[in-house]
Amino acid sequence: MPRQSGNFLYARGEDAGLQVLFVGETDDLATHAQERWAEAEQTFGPSGLYTRLNITAAQRRRELDELVSVYAPPMNATELRRAG
């Protein structure tokens, strides 16, 4: 099976109460999208993992930066400090 590149996020809640907990990007969603799931479960209790396919690295990075900026996910604190 070919590798699927894209962005992913961990979230909890629904609709207006949706809280984004972590945003990531990878060149292989099947391998990397769940790498921090156990940490998220232990600390935040996520209810879903959402993915979006993005083929180019530049596109993934732009989307990652935008999502981190808009949602300020607590598990992306390092990225938020670098941007600030």
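A: Contact means heavy atoms within 4.5 Å. This is a predicted model, in which local features need pLDDT of at least 70 and side-chain atom pairs count only at pLDDT 80 or more, while totals for chains, interfaces and linings use all residues. Residues are numbered from 1 along each chain as its sequence is written, and side-chain values use heavy atoms, with hydrogens and water left out.

Q: With that cut-off, which residues is Asn7 in contact with, leaving aside its neighbours within four places in sequence?

A: Asn7 is in contact with Gly24, Glu25, Leu29, Tyr50, Thr51, Arg52, Asn54, Arg60, Glu63 and Leu64. The residue is found in strand E1, where strands (E, at least two residues) and helices (H or I, at least four) are DSSP runs numbered from the N terminus.

Q: Is Asn7 buried or exposed?

A: Buried means under 20% relative accessible area, exposed over 50%, and partly exposed in between, with a 1.4 Å probe and protein chains only. Asn7 has a relative accessible area of 2% and is therefore buried. A polar atom of its side chain lies 3.0 Å from the backbone oxygen of Arg60.

Q: Where is Ser5 placed, and what lies 3.3 Å from a polar atom of its side chain?

A: Ser5 belongs to the segment before strand E1 (6–12), and the atom at that distance is the backbone oxygen of Asp27. Because its relative accessible area is 12%, Ser5 counts as buried.

Q: How should I read the sheet?

A: Strands of a sheet pair through backbone hydrogen bonds, either parallel or antiparallel. Two strands are taken to pair if DSSP finds at least two bridges between them. Here an open sheet of three strands has the order E2-E1-E3, with antiparallel pairing. Strand E2 (19–26) and strand E3 (48–53) each have a single partner strand and stand at the edges, so one side of each is left without a neighbour in the sheet. E1 and E3 pair over six bridges in the antiparallel sense, and Phe8 stands opposite Thr51 in E3.

Q: Which residues make up the largest nonpolar core?

A: In soluble globular proteins, nonpolar side chains tend to be buried together. A nonpolar core is a set of buried Ala, Val, Leu, Ile, Met, Phe, Trp, Tyr and Cys residues joined through side-chain atoms within 4.5 Å. The largest has nine residues in all, namely Phe8, Tyr10, Leu21, Phe22, Leu29, Ala33, Trp37, Ala40 and Met75. E1, E2 and helix H2 (37–43) each supply at least two residues of this core.

Terms used: Polar contact = N/O pair within 3.5 Å; in protein donor to acceptor, adjacent residues only side chain to side chain.
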